[in-house]
Structures are given as C-alpha cells and as structure tokens.
Amino acid sequence: MSLWEALAVFAAGIGAGTINTIVGSGTLITFPVLLAVGLPPVTANVSNTLGLIPGSLTGAFGYRSELKGQRQRLLRLGLVALTGGLTGAILLLALPSEAFDTIVPVLIGLALVLVVLQPRLSRALAARRTEHEHGGPLLYVGMFLASAYGGYFGAAQGVIYLSLMGVFLQDSLQRLNATKNVLAAIVNGIAALFFLFVAHFDWTAVALIAIGSTLGGLLGARIGRRLPPTALRGLIVIVGALAIAKLVFS
C-alpha cells in the first residue's frame with residue numbers, strides 16, 4: 001500500500017467513524033476505498049469490520065450521558081446483537097454475495113419508510129408499548145435480523161436499528177442512537193472475533209481504519225448529540241437513500 005493509498009484508507013476511517021456514530025453506513029465509505037487499493041472483497045470486508053470497532057466504542061463513549069438508565073435495554077438487545085452478528089458472520093462465508101445483494105437495498109428502503117413514519121407509528125403503537133415496555137417480540141426479531149445483516153456486511157445497519165427502535169420503543173432519538181452505537185460495537189466485535197479464526201486480514205488496513213474511526217467516533221458524537229430530532233431523522237433518510245443508490249448502481 002502506497003503512502004497516498006494509506007492516507008485514503010485513514011481518511012475513509014475518519015469519515016466512516018463519524019457517520020457511523022451519527023447515523024450509520026460508514027461501511028459505504030471504507031469498503032469501496034479498500035477495494036480501490038487492491039484488497040479482495042472478503043478481505044476488505046473482514047478488515048473493515050475489525051477496523052471499525054474502535055470507532056463504535058468511542059462513539060458510544062461520546063454518547064455516555066444518553067446511555068444512563070439503559071442498562072436493562074442494552075443487556076437484552078446486546079444479547080440479540082451478539083447472536084445475530086455471529087449468525088451474519090457465518091453467513092458471509094457460507095452464502096454467495098448475490099443472496100444479500102438483492103435484499104439489502106429493500107431492507108434499507110423499508111427502514112427509511114419506518115424512519116419517516118416513526119412519529120405517527122409511535123403514536124399508533126403507544127398502547128402496545130405500554131403493554132410491551134421492552135418492545136415486544138417483533139422488535140427482537142427485527143433486531144436479530146438487522147444484527148445478522150450487520151455481521152454479514154453492515155452498510156446502513158444503523159439506519160435499520162434506529163427505525164426499529166424508534167417504532168417499538170418509547171424514547172428520544174438521541175438515546176436510541178446511543179444504544180445503536182453500543183449494539184454496532186457488539187456486532188462488529190463478535191463478527192471480527194469469528195473472522196480471526198477463519199479469514200485473512202490486511203493488518204495495515206485494519207490499523208489505518210481503526211485509528212481513523214477512533215477519531216471519527218469522537219467527532220461524530222460531538223456533532224450528532226447537537227442535532228435536533230427532526231434534523232437527525234432527515235440525515236438518516238438522506239444517508240439511507242445514498243446507501244440504496246450506492247448499492248443498486250455500483
């Protein structure tokens with residue numbers, strides 16, 4: 001990897017760490033850059049997964065105030081994320097990429113619809129949320145599938161997380177965003193641990209993305225925590241739409 005290629009990967013890590021903390025979809029920044037510098041797709045994917053973990057951790061740290069009082073939620077959803085992320089990592093090596101290439105844009109599109117309709121759906125489900133204060137079975141099924149997708153590839157995983165939690169949980173978007181950052185760290189962590197035993201990493205790329213995403217996670221937390229709910233929801237929709245366009249037309 002040349003100096004300029006290394007700088008490009010490092011910059012991509014900063015961008016991915018920032019956007020992942022605020023919304024999600026940072027993989028759409030780093031993954032194409034890793035391919036452009038010559039890494040094979042699977043090596044790029046697993047190296048990216050490991051490199052983004054520090055960014056998720058610093059992003060969660062930046063949102064530590066919003067995480068207060070969410071211990072039980074994090075334990076429940078963290079277990080779901082752990083099992084889903086491991087499932088997705090196994091699927092990466094077991095299934096052809098075409099299987100997910102078709103459905104991923106559809107999943108992101110549905111997530112964006114949920115984000116846009118979230119205030120109205122939340123009011124409609126208010127009674128149900130009183131009955132199931134932790135979200136109920138539909139939330140857990142959805143979060144498991146989103147985590148499996150995250151372990152497989154992860155682009156716009158945060159968008160899907162936020163859309164599901166926004167509909168099924170009674171809480172502010174900023175607090176849910178804090179939860180999302182922790183869950184993303186869990187998914188990336190378990191997937192990377194699995195890949196360590198079965199896949200090849202480019203350790204230079206891992207290090208560059210890790211350093212970049214660490215800085216990006218701190219930056220993203222400072223920016224994201226200042227955004228009002230409407231602006232944050234609008235940013236989620238924009239990033240998700242760009243993710244769909246990237247996946248469909250690339």
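## Close-up views of a helical chain

View 1. In the chain, confidence is highest in α12, at a mean of 93, and lowest in helix α8 (residues 126-131), at 52. The score behind these values is pLDDT, the predictor's confidence in each residue, from 0 to 100. Over the chain the mean pLDDT is 82, and 82% of the residues reach 70 or more. This is a predicted model in which local features need pLDDT of at least 70 and side-chain atom pairs count only at pLDDT 80 or more, while totals for chains, interfaces and linings use all residues. Residues are numbered from 1 along each chain as its sequence is written, and side-chain values use heavy atoms, with hydrogens and water left out.

**View 2. The chain as a run of helices.** Welcome to the overall layout: the chain has 13 helices and zero strands. Helices (H or I, at least four residues) and strands (E, at least two) are DSSP runs, numbered from the N terminus. Buried residues make up 52% of the 250 residues in the chain; buried means under 20% relative accessible area, exposed over 50%, and partly exposed in between (1.4 Å probe, protein chains only). Among contacts between residues at least 6 apart in sequence, 81% join residues at least 24 apart, where contact means heavy atoms within 4.5 Å.

**View 3. The largest nonpolar core.** A nonpolar core is a set of buried Ala, Val, Leu, Ile, Met, Phe, Trp, Tyr and Cys residues joined through side-chain atoms within 4.5 Å. The largest one here holds 45 residues, and Leu139, Met143, Tyr161, Met165 and Phe195 touch the most other members. At least two core residues come from each of α1 (3-22), α2 (27-36), α3 (41-51), α6 (71-94), α9 (136-152), α10 (157-168), α11 (173-198) and α12 (203-224). Looking at Phe195, and not counting residues up to four places away in sequence, you will find it touching Val46, Thr49, Ala89, Leu92, Gly151 and Phe201. A second, separate core has seven residues, including Tyr63, Leu74, Ala178 and Ala221.

**View 4. Helix α3 and the helices around it.** This helix is mostly covered, with nine of its 11 residues buried. They are Thr43, Ala44, Asn45, Val46, Ser47, Asn48, Thr49, Leu50 and Gly51. The buried residues of α3 pack against α2, α4 (53-62), α6, α9, α11 and α12.

**View 5. The crossing of α1 and α12.** The axes of these two helices come within 6 Å and cross at roughly 35 degrees. Axes are lines fitted to C-alpha atoms, for helices over the stretch in contact, and angles run from 0 to 180 degrees between N-to-C directions. The crossing of α1 and α12 is right-handed, a label used if the near helix is turned clockwise from the far one by less than a right angle, with anticlockwise giving left-handed. Residues of the contact of α1 with α12 divide into 13 nonpolar, 10 polar and no charged. In this count Ala, Val, Leu, Ile, Met, Phe, Trp, Tyr, Cys and Pro are nonpolar, Asp, Glu, Lys and Arg are charged, and the others, Gly among them, are polar.

**View 6. Gly212 in helix α12.** Gly212 lies in helix α12 and counts as buried because its relative accessibility is 0%. Not counting residues up to four places away in sequence, Gly212 touches Phe10, Gly13 and Ile14. Gly212 and Gly55 are 157 residues apart in sequence, yet 7.8 Å apart in space, C-alpha to C-alpha.

**View 7. Asn188 in helix α11.** Asn188 is found in helix α11, and with a relative accessible area of 10% it is buried. Leaving aside neighbours within four places in sequence, Asn188 is in contact with Thr49, Leu52, Ile53 and Ser56. From C-alpha to C-alpha, Asn188 and Tyr152 are 9.6 Å apart in space and 36 residues apart in sequence.

View 8. Ser25 has its place in the loop between α1 and α2 and counts as buried at 5% relative accessibility. Ser25 and Ala156 are 131 residues apart in sequence and 4.0 Å apart in space, C-alpha to C-alpha. Pro105 lies in helix α7 (residues 98-124), where at 13% relative accessibility Pro105 counts as buried.
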